[in-house]
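Trainee: I would like to go through this structure with you. Can we take it one question at a time?

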Amino acid sequence: MTDALKRLSDEGVAIWLDDLSRTRITSGNLAELIDQSHVVGVTTNPSIFQKAISQGHGYDQQLTDLATRKVTVDEAIRMITTADVRDAADILRPVFDATDGQDGRVSIEVDPRLAHHTAATVAEAKQLAWLVDRPNTLIKIPATKAGLPAITEVIGKGISVNVTLIFSLERYREVMDAYLAGLEKAKAAGLDLSKIHSVASFFVSRVDTEIDKRLDAIGSDAAKAAKGKSALANARLAYEAYEEVFGGDRWAALDKAQANKQRPLWASTGVKDPSLKDTLYVDDLVAPNTVNTMPEATLEAVADHGEISGNTVAGRYDQARADLEAIKALGVSYDDVVQLLEDEGVEKFEAAWIDLLNSTEAELKRLAPSEG
């Protein structure tokens, strides 16, 4: 093992785990990762919970109790997922206290079927915050068009938010605007802005997956030379936008009121293409005041052979622009790619949620007590 995770942390990158399960909590594994691998946060999504509940027997006791009470499958999922998030938040509470609320965070997602419904997303976010009832929770809201006003409304109520499924630079700027608008609402309502936190989850690997597929179809030498560069370019330009927005006059007024910057979070950092370095989206996205949420395999790869060599984002903006211009010149539409990825992202989480409903319903039936 190297000290790569410590070096990453020392560079100002918060290491979060992109996974959670009952077994990970009860076995002491999560506490061990916090203690030994510099993990300071956890993110979840419908796919993660679907996998956790459908594998093993970690949820049998709670499912049996829920089946005995004849709860609906929707209520069962809420009870199960919020219990995991609450317990993980308690394990991470010392980190939360030590970092003055910046880290030690656990994210839980609104029902993805509400992604295109603003009022329902706001209502769900309020309900989740109430159910988990821990100050170190982040409510995940997708960065759809309907999600943007929901982000403003929820932040305005003093609820901390993880904005998810961000693929495009334009949408990212809209997300930052929604966050600032939310802080302004919270300030007008007299809320303590120092208690409100947010991260903006900018997705990485899926950008390369989609663009490189299109470059393969073109097949020219120039197309081959452009592969594996778009995701890093996109993320680096997102960080440039972050520096611009949180260095501007609008932010300065909120900064005086003790507001917290919305940190960029690099999501989807597991490398999908075996021809690329498996730590690429960690080694090459090192910048202060960011979060990198990693699946366990990526976390272990970075610990084993990550190459952390200082800031790998600053000073690379011109090259990033050139890399995105190169794919445009080859006929790959950036706008088409990022819209497709957003649409697919919502659809995948909806599908995972439906799988979660179905597998939980099957478990409730299996564990239901016989009548008598």
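Trainee: Where is the place of Lys 70?

Mentor: Helices (H or I, at least four residues) and strands (E, at least two) are DSSP runs, numbered from the N terminus. This is a predicted model, where local features need pLDDT of at least 70 and side-chain atom pairs count only at pLDDT 80 or more, while totals for chains, interfaces and linings use all residues. Residues are numbered from 1 along each chain as its sequence is written, and side-chain values use heavy atoms, leaving out hydrogens and water. Lys 70 sits in the loop between H5 and H6.

Trainee: Is Lys 70 exposed or buried?

Mentor: Buried means under 20% relative accessible area, exposed over 50%, and partly exposed in between (1.4 Å probe, protein chains only). Lys 70 has 62% relative accessibility, so it counts as exposed.

Trainee: What is the phi of Lys 70?

Mentor: Most residues other than glycine have a negative phi. Lys 70 is not a glycine, yet its phi is positive, at about 60 degrees.

Trainee: Which loop holds Gln 258, and what is its relative accessibility?

Mentor: Gln 258 also has a positive phi, about 70 degrees, although it is not a glycine. Its loop lies between helix H13 (249-256) and strand E7 (263-267). Gln 258 counts as exposed because its relative accessibility is 51%.

Trainee: Which residues in H6 meet H5?

Mentor: Contact means heavy atoms within 4.5 Å. H5 brings Gln 62, Leu 63 and Leu 66. They meet four residues in H6: Ala 76, Met 79, Ile 80 and Ala 83.

Trainee: How far apart are the axes of H5 and helix H17?

Mentor: H17 covers residues 334-367, and H5 packs with it at an angle of about 75 degrees. That makes the two helices roughly perpendicular. H5 contributes Asp 60, Leu 63, Thr 64, Leu 66 and Ala 67 to the contact, and H17 contributes Thr 360, Glu 363, Leu 364, Arg 366 and Leu 367. The distance between their axes is 8 Å.

Trainee: How are H10 and H17 oriented?

Mentor: H10 covers residues 205-218; its axis comes within 10 Å of the H17 axis, and they cross at roughly 125 degrees. Arg 206, Val 207, Glu 210, Ile 211 and Arg 214 of H10 meet H17 residues, including Leu 340, Leu 341 and Lys 348. The two helices are therefore oblique.

Trainee: Which residue's backbone oxygen does the side chain of Thr 44 reach?

Mentor: Thr 44 is in the loop between strand E2 (39-42) and helix H4 (46-54). It counts as buried because its relative accessible area is 0%. Leaving out residues up to four places away in sequence, Thr 44 touches Leu 20, Phe 49, Ser 107, Ile 108, Glu 109 and Lys 140. At 2.6 Å, its side chain reaches the backbone oxygen of Ser 107.

Trainee: What separates the C-alpha atoms of Ala 146 and His 117?

Mentor: Ala 146 lies in the loop between strand E4 (137-142) and helix H8 (147-156), and its relative accessible area of 15% makes it buried. Beyond residues up to four places away in sequence, Ala 146 touches Ala 115, His 116, His 117 and Thr 118. Ala 146 and His 117 are 29 residues apart along the chain, but their C-alpha atoms are separated by 5.8 Å.

Trainee: Which side chain does a polar contact join to that of Lys 185?

Mentor: Lys 185 is in helix H9 (residues 169-188), and its 39% relative accessibility makes it partly exposed. Not counting residues up to four places away in sequence, it touches Thr 152, Glu 153 and Gly 156. A polar contact is a pair of N or O atoms within 3.5 Å; within protein, one must be able to donate a hydrogen and the other to accept it, and residues adjacent in sequence count only if both atoms are side-chain atoms. At 2.9 Å, one joins the side chain of Lys 185 to that of Glu 153.

How values were computed
Axes are lines fitted to C-alpha atoms, for helices over the stretch in contact, and angles run from 0 to 180 degrees between N-to-C directions. Angles under 35 degrees count as roughly parallel, over 145 as roughly antiparallel, 65 to 115 as roughly perpendicular and the rest as oblique.
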